[in-house]
Amino acid sequence: MAEVLSKKERIALNFKFLYRTFLVGIQVFPPHLITVVSRSDAQLKAARIAGAHALPERGESLNDALLQGAQDAVARGATAILSLSSDLPYLEAADLRAMLEAPADVAIATDEAGLGTNALLLRPALAIPYRYGAGSLAAHRAAAEAAGLRVAVVERPGLARDVDIPADLDLLRIERPEFF
């Protein structure tokens, strides 16, 4: 998004995304069960103030950050992990409940293109490695099937509609101007 937003605008938008995702999350989970992994001191401080567990990101990739958060949650007693992208401005609590209600060990929320992963539920926690990146839906499905786990793909607009390209941002400006 650097081609259409300044650094300051990207930081502000990411903060709003995180804040909204957190507000939706606490409709389903108590705040102390939510873990935020970030390089942003401001985001980590906000997470702590809100009652979430905040971890300074140590890894080099999204997959590293997700593994870091999941390992920390498991060390605190988690038996299942729901990882969630924060760039989901249409997310609703019902979307999170749909993930939790999926009749599978691994529930994968796909993006609009049906290729990527915007949320991933692992039961048990750490059941498969994180494989975010190009073609992550197929990669997560293959890892789960190789491990003999039941897989469900969850298709919901609130989980599918992420903000990855300038066209997504243009649509968001029209449909959800409160983000700007």
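Select strands β3 (81-84) and β5 (117-122): four bridges join β3 to β5, and the two run antiparallel. Strands (E, at least two residues) and helices (H or I, at least four residues) are DSSP runs, numbered from the N terminus, and two strands pair if DSSP finds at least two bridges between them. The structure is a predicted model, in which local features need pLDDT of at least 70 and side-chain atom pairs count only at pLDDT 80 or more, while totals for chains, interfaces and linings use all residues. Residues are numbered from 1 along each chain as its sequence is written, and side-chain values use heavy atoms, with hydrogens and water left out.

Remain on β3 and display its side chains. Leu84 stands opposite Ala119 in β5. Buried means under 20% relative accessible area, exposed over 50%, and partly exposed in between (1.4 Å probe, protein chains only).

Next, show the whole sheet. It is an open sheet of four strands in the order β3-β5-β4-β6, with mixed pairing. β3 and β6 (151-154) stand at the edges with a single partner strand each, so one side of each is left without a neighbour in the sheet. The twist averages 15° from one strand to the next. Now select β4 (residues 106-110), which is joined to β6 by four bridges and runs parallel to that strand. Ile108 has Val153 as its bridge partner in β6.

Axes are lines fitted to C-alpha atoms, for helices over the stretch in contact, and angles run from 0 to 180 degrees between N-to-C directions. Contact means heavy atoms within 4.5 Å.

Turn to the interior. A nonpolar core is a set of buried Ala, Val, Leu, Ile, Met, Phe, Trp, Tyr and Cys residues joined through side-chain atoms within 4.5 Å. The largest such core has 16 residues, of which Ile81, Val106, Leu120, Leu122, Ile128 and Tyr130 touch the most other members. At least two residues of this core come from each of α3 (62-75), β4, β5 and α5 (136-146). Apart from it lies another core, of 15 residues, among them Ala98, Met99, Ala119 and Ala152.

Select Ile128, in the loop between β5 and α5. Its relative accessibility is 5%, so Ile128 counts as buried. Leaving out residues up to four places away in sequence, Ile128 touches several residues, including Val106, Leu122, His140 and Leu149.

Move to strand β1 (residues 35-38), where Val36 and Ser38 form the covered face and Thr35 and Val37 the uncovered one. Four bridges join β1 to the parallel strand β2 (residues 53-56). Between these strands the chain passes through helix α2 (residues 41-49), and this β-α-β crossover is right-handed; that is, with the strands pointing away from the viewer, the path from the first strand over the helix to the second runs clockwise.

Finish at helix α1 (residues 7-25). At 1.5 Å a residue, its 19 residues should span 27 Å, and its end C-alpha atoms are 27 Å apart, which agrees; the expected span is 1.5 Å times one less than the number of residues. Among the buried residues of α1 are Leu13, Phe17, Leu18 and Phe22. The elements covering the buried residues of α1 include β1, α2, β3, α4 and α7 (166-175).
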